[in-house]
Amino acid sequence: MEALTGPLTLLFVALAGGLGSVIRLFVSKLEGKLPWGILIANVVASFVVGFAQQSPSFLVGIIVASGLAGGLSTFSTYAAQTTNLIRRGRIAQALFNTLATLALSSTAVWLGQLAGAALLK
């Protein structure tokens, strides 16, 4: 367990998290009738987590899943954007955003696991 919290591991998780956050910043600008950018960021991060789960290196999996995917995804922004849709009376869009986030993110984890199992083992 000490290897997981060593200074080098923490540095790599922080760097990967910073990279994920910067990518999310740029992707989050994609908006329309729905907050497409955050939806895309959450789905891609879910795929990355599924892929990282298949890594033979537990340490690499932690850096990629906790760092990169953790920085890229954001539940709080999804929740805030969805409640903003509700406040503006856009109930159907809020519902669609919720269903799309749940269904696409869950499917992306599964596809990431399949891809990781095929490519990493």
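These legends walk through several close-up views of a predicted model. Residues are numbered from 1 along each chain as its sequence is written. In this predicted model, local features need pLDDT of at least 70 and side-chain atom pairs count only at pLDDT 80 or more, while totals for chains, interfaces and linings use all residues; side-chain values use heavy atoms, with hydrogens and water left out.

**View 1**
Helices (H or I, at least four residues) and strands (E, at least two) are DSSP runs, numbered from the N terminus. Reading along the sequence gives the pattern α-α-α-α-α. Taken along the principal axes, the C-alpha atoms fill a box of roughly 50 × 30 × 20 Å. The protein chain has 121 residues, and 32% of them count as buried; buried means under 20% relative accessible area, exposed means over 50%, and partly exposed lies in between (1.4 Å probe, protein chains only). Contact means heavy atoms within 4.5 Å. Among contacts in the protein chain with a separation of 6 or more, 74% are between residues 24 or more positions apart.

**View 2. Five residues form a nonpolar patch on the surface.**
Look for Leu 30, Trp 36, Ile 40, Val 44 and Phe 96, which together have about 460 Å² of accessible area. Patches are made of residues with over 30% relative accessible area and no salt bridge; like charges are joined within 9 Å, and nonpolar side chains (Val, Leu, Ile, Met, Phe, Trp, Tyr) within 5 Å. A salt bridge, in turn, is a side-chain nitrogen of Lys or Arg within 4 Å of a carboxyl oxygen of Asp or Glu. Helix H2 (residues 36-53) gives the patch its largest share, three residues. Trp 36 has its place in helix H2, and this residue counts as partly exposed because its relative accessibility is 37%.

**View 3. Phe 47 and Phe 51 form a stacked aromatic pair.**
A search of the whole structure finds two aromatic pairs. In this one, the rings of Phe 47 and Phe 51 are 6.3 Å apart centre to centre, with 25 degrees between the planes. Rings of Phe, Tyr and Trp (its six-membered ring) pair if their centres lie within 6.5 Å; planes under 30 degrees apart count as stacked, over 60 as edge-to-face and the rest as tilted. Phe 47 and Phe 51 both lie in helix H2, four residues apart, or about one turn of the helix. Phe 47 is partly exposed at a relative accessible area of 32%, and Phe 51 is partly exposed at 26%.

**View 4. Phe 75 and Tyr 78 form a tilted aromatic pair.**
Here the ring centres of Phe 75 and Tyr 78 are 5.3 Å apart, and the angle between the planes is 55 degrees. Phe 75 and Tyr 78 are three residues apart in helix H4, so about one helical turn separates them. Phe 75 is exposed, with a relative accessible area of 64%, whereas Tyr 78 counts as buried at 10% relative accessibility.

**View 5. Thr 74 sits in the loop between helix H3 (58-72) and helix H4 (75-87).**
Thr 74 counts as buried because its relative accessibility is 7%. Its side chain makes a polar contact with the side chain of Ser 76 (3.5 Å). A polar contact is a pair of N or O atoms within 3.5 Å; within protein, one must be able to donate a hydrogen and the other to accept it, and residues adjacent in sequence count only if both atoms are side-chain atoms. Leaving aside neighbours within four places in sequence, Thr 74 is in contact with Arg 24, Ile 38 and Asn 42.

**View 6. Ser 28 lies in the loop between helix H1 (7-27) and H2.**
A polar atom of the Ser 28 side chain lies 2.8 Å from the backbone oxygen of Leu 25. Not counting residues up to four places away in sequence, Ser 28 touches Gly 37 and Ile 38.

**View 7. Thr 82 belongs to helix H4.**
Thr 82 counts as buried at 7% relative accessibility. Apart from neighbours within four places in sequence, Thr 82 is in contact with Ala 94, Asn 97 and Thr 98.

Terms used. Accessible areas come from the Shrake-Rupley method with a 1.4 Å probe; for residues, only the protein chains shown count as cover.
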